[in-house]
Amino acid sequence: MMAWGLVAGIMVGLVIAFILLRAANTNHRMKSDYDERQERIRGKAYMYAFYTMMIYEAAMVVLKAGEIVFPFEDYLAGFIGVILGCIVLGCYCIWHDVYWGLNNNRRRYYIIFGVIFALNLMPVVMQAASGTLIQDGKIGLPMLNILVIFMLAVFGIELLIKHFTDRSRGEED
Amino acid sequence: MKNLRLKAARAALDLSQEELAKKCGVSRQTMSAIEKGDYNPTINLCIAICRALHKTLDELFWEEEA
């Protein structure tokens, strides 16, 4: 039953993402357009994200073989690897000035990020308030939301650091 | 190595990095990286920049051997 709920949640999420991305790009295409330097940096970023996921998966095999008990349900382990890969991808791109595609409407993207942050924060806060966030010493499905919040927070902090370092370097805007 | 000739040609036309980048279909950060010498553009982008600034490839990108 819970598996079907999870699948339904992912499907709804994908549909919402599709609609939001189309609305957020100035040419109403789902895909962001990047220039040649950005494409090159993104290629490297995907490579590092792939390595991260490989190292994570290998580490998880070793840890599981060692019968280490994690504070989250086993079915979430794969998703953590995906989020780690996304963090590496995003951080590398942000640090190399590849955070905006040529057709991105920045204002709409900021709003989307805010909505995603709020949508992920809500179930965590609600479960924490009702005292059901941790059951049998493990975090269940809200772990997905916590990871997304963590990822967005990392991106936000990096964007702030990048903004201030660029400004101190006196880069032309 | 910084491309000061590109910067000078852009300034001569009173264009910002953002404006030149838009004319060439790239991001402002990419134009900044080219001027700073952090990124070597492809020949297609070099041509687009030259067209936007009414310059030749030699005038903007050719380096004499030392």
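Good morning. The structure is a predicted model, in which local features need pLDDT of at least 70 and side-chain atom pairs count only at pLDDT 80 or more, while totals for chains, interfaces and linings use all residues. Residues are numbered from 1 along each chain as its sequence is written, and chains are lettered from A and ligands numbered from 1 in the order in which they are written.

I begin with chain A. Helix 3 covers residues 77-95, 19 residues in total; helices here are DSSP runs of H or I with at least four residues, strands are runs of E with at least two, and both are numbered from the N terminus. From first C-alpha to last, helix 3 reaches 27 Å, close to the expected 27 Å, the expectation being 1.5 Å times one less than its number of residues.

Which residues of this helix are buried? They are Ile83(A), Gly85(A), Val88(A), Leu89(A), Gly90(A) and Cys93(A). Buried means that 20 or more other C-beta atoms, placed from the backbone, lie within 10 Å of the residue's own. The cover over these buried residues includes helix 2 (36-65) and helix 5 (142-168) of chain A. After helix 3 comes Asp97(A), with a positive phi near 60 degrees.

I turn now to chain B. Chain B holds 5 helices and 0 strands. Its C-alpha trace spans about 35 × 20 × 20 Å along the principal axes. Of its 66 residues, 26% count as buried. Among contacts (C-beta atoms within 7 Å, placed from the backbone) between residues at least 6 apart in sequence, 50% join residues at least 24 apart.

Thank you.

Methods
Buried ≥ 20, exposed ≤ 12 C-beta atoms within 10 Å, placed from the backbone. Contact = placed C-beta atoms within 7 Å.
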